[in-house]
Amino acid sequence: MSDARQTTRYTEYHPRWYRSRVSTWWWLARWPYLKFILREISSVFVAWFVVVLLLQIRALSRGPQAYSQFERWLQHPPVVLLNLIALFFVVFHAVTWFNLAPRAMAVRFRGKRVPDLWIVGTNYAAWAAISLVVAWFLVRS
Amino acid sequence: MPETISLEVLRYSPERDTEPTFQRYDVPLNKDWVILDALNYIKDKVDGSLTFRWSCRMGICGSCGMMVNGEPKLTCATFLSNYAKEGRPVRVQPLRYFPVIRDLVVEVTDFMSKLQSVKPWLIRKEEKPTSEGEYLQTPDQLNRYKQFSMCINCVLCYAACPVYGLDPVFIGPAAIALAQRYNMDSRDEGAHERMDVLAQHEGIWGCTFVGECTKVCPKNVDPAGAIQQYKLTATIERFKSFLLPRGAK
């Protein structure tokens, strides 16, 4: 934005003002900042699960032998460990985003803002419902 | 409880210093004293050269924002006794991410011009003559934006925002919240004009939703909420501009 760029230029003419540099490690200074960075990193693990899902679909399309090979790959200890870490981050991602949802969604009903708890609750309810449907498919087979 | 409490106050003289230093002062630990009272005690009784901004002492003027033990606070609303139990000196520093002019005084022109760039006033396509009366508003319409109108421009939210620290061209929390205050006002017709400034990388899209601006706000304005809500509005508007014919926007 041209306006903002102009305004940040003013310091050049005041060399006596003191400006501190932001440390590279600023995100370690406070727990909320670290939590924010962890939440951002969690997107990598969300992407990892998408890759796993795509590999699974590919194995499925290549027949039973390829699929059992895929399942064996999943059972390797390093893969299990990686998936456990990924699961932790994906849950962290979901929980932190659900908790932030009321900030982004100002839903109004009959002129009044719907309480935060309802929006968070609806997100969790949808999560539980979809998980139940998935679980039902798994148990049935 | 000890009778005194120590303050470590950042000192910086543009004439003498190249780097700021901390100076320690012992002040009486009065139960009803806030940090600002302690600073005024130092200025009156101990060291008249200590420089800081303040005015109303009651959380209205937004002048006395400082970092207290690393957190952005209005010093008129932060009690000394809250820090007495910690047993270490209370660190008082100027607001983070702003250039320091002297001691605890920071330069906020950057914020002021950003605020102006979002046009925080009622914009009408056509002003109606005064003879036709006021622009009326129902309590429900008032409630839609009232929370955002409580901002006192204390810039604590900027000092809490790592995005602003790392990328100073970011318009920042308070300016966007105040733009939303007018966008959501039923009397205003300037949302489109403000969008040019808001819906770009230095505007709302610079925000990564750290959420600390909302936590430190002494007036419960919720700038983080304002920004996320505007992201939704801007996205919808963008899709509309692609999908709808010109006349229907």
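How many residues does the contact take from chain A and from chain B? I looked this up in a predicted model, where local features need pLDDT of at least 70, side-chain atom pairs count only at pLDDT 80 or more, and totals for chains, interfaces and linings use all residues. Residues are numbered from 1 along each chain as its sequence is written, and chains are lettered from A in the order in which they are written.

**Entry: chains A and B.** I find 22 residues from chain A and 33 residues from chain B in the contact (C-beta atoms, placed from the backbone, within 7 Å). On the chain A side, H1(A) gives the largest share, five residues. I sorted the residues of that side by class and got 13 nonpolar, four polar and five charged (Asp, Glu, Lys and Arg count as charged; Ala, Val, Leu, Ile, Met, Phe, Trp, Tyr, Cys and Pro as nonpolar; the others, Gly among them, as polar).

**Entry: domains of chain B.** I note domain 1 (4–106) and domain 2 (109–248), with bounds from an automatic or database domain assignment. Their C-alpha centres lie 31 Å apart. The contact between them takes 13 residues from domain 1 and 12 residues from domain 2.

**Entry: core.** I looked up the largest nonpolar core, which has 71 residues (buried Ala, Val, Leu, Ile, Met, Phe, Trp, Tyr and Cys joined through C-beta atoms within 7 Å; buried is 20 or more other C-beta atoms within 10 Å of the residue's own). Both domains of chain B give residues to this core, so it lies between them. Ile176(B) is among the residues with the most contacts inside the core. I list Leu198(B), Pro223(B) and Tyr230(B) among the residues that Ile176(B) touches, not counting residues up to four places away in sequence.

Notes:
Buried ≥ 20, exposed ≤ 12 C-beta atoms within 10 Å, placed from the backbone. Contact = placed C-beta atoms within 7 Å. Helix = DSSP H or I, 4+ residues; strand = E, 2+ residues; numbered from the N terminus.
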